[in-house]
Amino acid sequence: MKYRGRIGLAAFCGFFVGLFVGFDLVLFGAIQLDNITVSVLPIIGLFGGAALAMWAPLGRKRTDSTTP
Amino acid sequence: MGAPPAGANVTGGCAATGTQLQSGKTYDAVTTNFAKIPRVGDVKWAASVPVPATKRAAVGEVQGKFPWPIGDIEIGQWGKNGKQTGSNANKGTYHYDFPKLIAGIKVLVHGRDQEPSGVLCRGAVVVQIEGTSPLAWASLALTVFMLMNLSLTIRARKVKP
């Protein structure tokens with residue numbers, strides 16, 4: 001049996017994680033409103049989420065991953 | 001990265017000062033680069049441009065800087081409708097009442113005044129309203145919720161060969 005992460009869903013969630021982390025930084029006054037980080041974080045989250053799902057799916061059984 | 005711009009903030013010979021009446025703090029536009037102000041209050045202000053007080057078509061605006069791709073958003077402007085001015089200085093007391101939702105956010109506010117004689121004044125200041133927006137707590141809750149979702153979605157699922 002093969003295991004795979006949910007790449008599309010993880011990218012979707014990663015995007016919103018990045019978006020809301022950016023909002024947090026702005027709303028708590030850690031960075032200025034015009035800081036480029038606010039725009040970049042959702043994009044990092046999008047690709048970061050997809051990468052996490054592709055390369056590090058949690059809960060994968062190691063014995064199954066080597067099954068031919 | 002989030003630090004206010006350093007150094008003097010008004011160029012071109014213009015002058016502006018404002019006293020926040022509730023806190024008693026006075027801000028000089030030439031030397032101030034960061035102002036933390038109460039959400040509701042009054043400011044006694046005065047401003048001048050280094051030109052004679054003759055009838056002329058001076059043009060200018062004040063803008064707030066938002067993140068890319070939004071960019072600058074105009075807060076106020078003068079002279080763009082062709083209306084002429086005859087003064088080179090002005091003063092007054094302005095009452096303001098900002099919504100609680102924008103409390104705590106650091107916004108870069110910048111402006112310029114272009115005189116027909118060639119004098120161009122520019123200025124910028126980072127403004128932060130005291131307090132914390134209720135949106136900040138909602139955003140923090142949504143961040144935690146989306147992190148939990150992300151941790152669930154990156155879990156492996158079985159795929160039939």
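Predicted model: local features only at pLDDT ≥ 70, side-chain atom pairs only at ≥ 80, totals over all residues.
Me: What is the secondary structure of chain A?
Reply: Chain A has three helices and one strand. Read from the N terminus, the order of the elements is β-α-α-α.

Me: And how many of its residues count as buried?
Reply: The share is 43% of the 68 residues of chain A. The chain exposes about 3800 Å², and 73% of that comes from carbon and sulfur atoms.

Me: What is the average pLDDT of chain A?
Reply: The average is 83, and 74% of the residues score at least 70.

Me: Which elements of chain A have the lowest and the highest mean pLDDT?
Reply: Helix 3 (residues 62-65) of chain A has the lowest, at 50, whereas helix 1 (residues 7-27) of chain A has the highest, at 94. Over residues 64-68 of chain A, pLDDT stays under 50, and the model has three contacts beyond four places in sequence for them.

Me: Where does A:Ser39 lie?
Reply: A:Ser39 belongs to helix 2 (residues 37-55) of chain A.

Me: Why does A:Ser39 count as buried?
Reply: A:Ser39 counts as buried because its relative accessible area is 11%, and the cut-off for buried is under 20%. Setting aside neighbours within four places in sequence, A:Ser39 is in contact with B:Pro67 and B:Trp68.

Me: Turning to chain B, how do strand 9 and strand 10 of chain B run, parallel or antiparallel?
Reply: Strand 9 (residues 106-114) of chain B and strand 10 of chain B run antiparallel and are joined by nine bridges. Within this pairing, B:His110 stands opposite B:Ala124. The two strands form a hairpin with five residues between them, where B:Gly118 takes a positive phi near 110°.

Me: What about strand 4 of chain B and strand 10 of chain B, parallel or antiparallel?
Reply: Strand 4 (residues 34-37) of chain B runs parallel to strand 10 of chain B, with four bridges between them. There, B:Ile37 stands opposite B:Ile129. Strand 1 (residues 10-11) of chain B also pairs with strand 10 (residues 120-129) of chain B, in the antiparallel sense over two bridges. In that case B:Val10 stands opposite B:Gly123.

Me: Which residues make up the largest nonpolar core?
Reply: The largest nonpolar core has nine residues: A:Val26, A:Leu27, A:Ile31, A:Leu33, A:Val38, B:Ile105, B:Val107, B:Val109 and B:Ala136. Helix 1 of chain A and strand 9 of chain B are the elements that give two or more residues to this core. Another core, of eight residues, lies apart from it and includes A:Cys13, A:Phe20, A:Ala53 and B:Met146.

Me: What is B:Val107 in contact with, leaving aside its neighbours within four places in sequence?
Reply: B:Val107 is in contact with A:Leu33, B:Gly64, B:Lys65, B:Val125, B:Val126 and B:Val127.

Me: How many aromatic pairs are there over all chains?
Reply: A search of the whole structure finds six. One of them is the edge-to-face pair of A:Phe20 and A:Phe23, at 5.9 Å centre to centre with 70° between the planes. Both residues lie in helix 1 of chain A, three residues apart, about one turn of the helix.

Me: Which residues do ring pairs link into a cluster?
Reply: The cluster consists of A:Phe12, A:Phe15, A:Phe16, A:Phe20 and A:Phe23.

Key. Residues numbered from 1 in each chain as written. Chains lettered and ligands numbered in written order. Heavy atoms only, no water. Buried < 20%, exposed > 50% of the residue type's maximum accessible area, 1.4 Å probe, protein only. Areas by Shrake-Rupley, 256 points an atom, 1.4 Å probe, with all protein chains shown as cover. pLDDT = per-residue confidence, 0-100. Contact = heavy atoms within 4.5 Å. Pairing = 2+ DSSP bridges. Core = buried A, V, L, I, M, F, W, Y, C linked by side-chain atoms within 4.5 Å. Phe/Tyr/Trp six-rings, centres within 6.5 Å; stacked < 30°, edge-to-face > 60°.
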